[in-house]
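Student: I am new to this structure. Please take one part and walk me through it closely.

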Amino acid sequence: MAKVLIVYYSLTGRTQRMAEYLAEGLRFAEHEAVIKKTSEIESAEDLNGYDGYLFGSPTYHQDMAGPVKTFLFQVRGADVEGKLAGAFGSYTHSGDAPAMVFDTMRYVYRMRPFCLGPFNLLEAKIGTQDGMRACHDYGRTFGEKLMEPWTPPETDEGSDAGSDSPTPWALT
């Protein structure tokens, strides 16, 4: 059994609900899920000891939430390189935040990109059966990928040549 840390920021409770559904999906795959708000992460040491990470942010004005930006600076000192990384978030218009978070995890912290890419969920869908199922599926699939071996691709620094860029996963 692997252990996954889900860290999120939520103003309205929708991204929090996504985090809870993702955790259920991980548990369906027989993994442990630990959910924390960005405000509960006090230092990089709080991020160590996990096999995978899911970071969540709603999209506000085509950007990630401010507390998520602050949180991402705390990741700098954590032992996350090569760990499976996914991102999620809710949106009403653009849905840009999860992709920004995902790219930071992948390119700045050299984490292992989850094959489904970042996960966007339209806010109106979160409380529906389809929304819950989409979160469960993303979490369960993330859990299944945790146990697969991974070797970082050999590419030039800053180059996307040969990358396995995932397409963002969304339910609209």
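Tutor: Start with Asp130, which is partly exposed, at a relative accessible area of 41%. The model is a predicted one. Asp130 has a charged partner: its side chain forms a salt bridge with Arg133, and the closest N and O atoms are 3.1 Å apart. Arg133 is partly exposed as well, with a relative accessible area of 43%.

Now move along helix α4. Arg140 and Glu144 both lie in this helix, four residues apart. That spacing is about one turn of the helix. Their side chains meet in a salt bridge, at 3.8 Å from N to O. The cut-off for a salt bridge is 4 Å, so a pair at 3.8 Å counts. Glu144 is partly exposed, with 46% relative accessibility. Arg140 is partly exposed too, at 29%. Asp137 joins Arg140 and Glu144 in a network of salt bridges.

Glu123 sits in the loop between β8 (119-122) and α4 (129-146). The side chain of Glu123 meets that of Arg14 in a salt bridge, 3.2 Å from N to O. Arg14 belongs to helix α1 (residues 14-28). Is Glu123 buried or exposed? Glu123 is buried, with a relative accessible area of 18%. The limit for buried is under 20%, so 18% qualifies. Arg14, at 34%, is partly exposed.

Now step back to the whole protein. The protein has four helices and nine strands. Along the sequence, the order is β-α-β-β-β-β-α-β-α-β-β-α-β.

Take the contacts with a separation of 6 or more: residues 24 or more positions apart account for 81% of them. Burial comes next. Of the 172 residues, 47% count as buried. The accessible surface comes to about 8500 Å². Carbon and sulfur atoms hold 47% of that surface.

Terms used. Residues are numbered from 1 along each chain as its sequence is written. This is a predicted model: local features need pLDDT of at least 70, side-chain atom pairs count only at pLDDT 80 or more; totals for chains, interfaces and linings use all residues. Side-chain values use heavy atoms; hydrogens and water are left out. Helices (H or I, at least four residues) and strands (E, at least two) are DSSP runs, numbered from the N terminus. Buried means under 20% relative accessible area, exposed over 50%, partly exposed in between (1.4 Å probe, protein chains only). Contact means heavy atoms within 4.5 Å. Accessible areas come from the Shrake-Rupley method with a 1.4 Å probe; for residues, only the protein chains shown count as cover.
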